[in-house]
Structure formats: C-alpha cells, structure tokens
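Here are my comments on the model you sent. Please read them with the coordinates open.

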Amino acid sequence: NKSKNDKTEIITSETQEKLKKQIDNNQNQGDTFYNIEYSGVDLAGNRYRLKSKEASNIKSNKEVVKMKFVEAIFYFKDDTVLNIQSNYGIYNNRTLDMTFSGDVQAFYQGSKLFAQKAEYSNSNNFLQISENVKVDDIRGNFTAEKLYFDISKQTLNIASSKKDKINANINIK
C-alpha cells in the first residue's frame, strides 16, 4: 500500500543513539589479542616476562597495550625472581613501563605483597606500590599507603597519609 505513510521504527531512537556512541567509542580502540606474552631486558639488564590473557591496543597510540589478567616475572641479575599478578595492566612497549591494578599480588623471596596498584617505571628506574599496601614476611608484616623503591639507589621509602599510620610488626631474633 504505497499511499499509506507508515513510519514504523525498526530500531528505537534510544537504541540508535546507544549504538552510535558505542561505534564512536570503538573507533579509537585497536585490536584485541588473547594469551599474549612479551619478554625482554630492562634498562638495568634484568630479564622479564609479561603475560596477559586478554589485551588490546589503542589506535591512536600503538605502543600502549591495555591488559586483563596479568602476570609479570622479573629475573634479576642476582638470581632472585619477582612475580607480580593483577587483574589489569598497562604496558608501554616503547619505554617498557608497566602499571598493574586491581588485586595486585607480588611474591619475592618468601615475602608476599598485596595492594591495588603497582607501577614499574623502567624509564625512571623506580617501582611504586600504592593503595592498601600490605606486606607479609617471615621477618614481620606491615601496612602502609605507599611504597617507593628507587632501583638505582637501592632504597625503600614507606609512606602514609597524614591521618594514617604505618603499622608494622617486626620479628627480632
């Protein structure tokens, strides 16, 4: 019936708007990869392996990789090993900088570290752990707001906000 002017909507305008926003958001998102692994040597000469169950890059900045279900293993020159796991991560494949977030767990020489965020800056030579930091070790345990490891100076700064205290239990032999 050509004379009948029927303007039936197949897709509602609300759904059309949602689809348009989703398409706009995905235009800057790059490719998605599964079960990826990066390996290399940092600026200090230590080897590392970085694994992720799911990762995606960004079209506008191909050197940044967003990851989910992340595991990093650092093999230091002194034959020690640091293992870090987290729900999310960001890896810059040019600077080799890494950020871990969401249920961060680290294991090093019998010590266990728990936090919500960890940032390894290969380019600036530091490791910063923050947000609900808890360390369990045979020598004792402590909680703090932030740990800052200066890799080149081999120093550790433990920080807390003005209101919070650093709680520590140290086993003295």
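The points below take confidence first, then the core, then one serine.

1. Confidence. This is a predicted model. The protein chain has a mean pLDDT of 82. Of its residues, 80% reach 70 or more.

2. Best and worst elements. Strand β4 has the highest mean pLDDT among the elements of the chain, at 94. Strand β10 (residues 167-170) has the lowest, at 58. Where pLDDT is low, the predicted coordinates should not be read in detail.

3. The core. The largest nonpolar core holds 28 residues. L50, F74, I84, M98, F100 and I129 have the most contacts inside it. Two or more residues each come from β2 (47-58), β3 (61-75), β4 (81-92), β5 (98-108), β6, β7 (126-137) and β8 (140-150). Strand β3 gives the largest share, 5 residues. In soluble globular proteins, nonpolar side chains tend to be buried together.

4. F74. Which residues does F74 contact, leaving aside neighbours within four places in sequence? They are R47, Y48, T80, V81, L82, I84, M98 and Y120. Two of these, I84 and M98, are also listed with the most contacts inside the core.

5. S121, setting. S121 lies in strand β6 (residues 111-121). Is S121 buried or exposed? Its relative accessible area is 3%, under the 20% cut-off, so S121 counts as buried. Beyond four places in sequence, S121 touches D97 and F126.

6. S121, polar partners. The S121 side chain makes a polar contact with the side chain of S123, at 3.5 Å. The S121 side chain also reaches the backbone nitrogen of N124, at 3.0 Å.

Conventions. Residues numbered from 1 in each chain as written. Heavy atoms only, no water. Helix = DSSP H or I, 4+ residues; strand = E, 2+ residues; numbered from the N terminus. Buried < 20%, exposed > 50% of the residue type's maximum accessible area, 1.4 Å probe, protein only. Polar contact = N/O pair within 3.5 Å; in protein donor to acceptor, adjacent residues only side chain to side chain. Contact = heavy atoms within 4.5 Å. Core = buried A, V, L, I, M, F, W, Y, C linked by side-chain atoms within 4.5 Å. pLDDT = per-residue confidence, 0-100.
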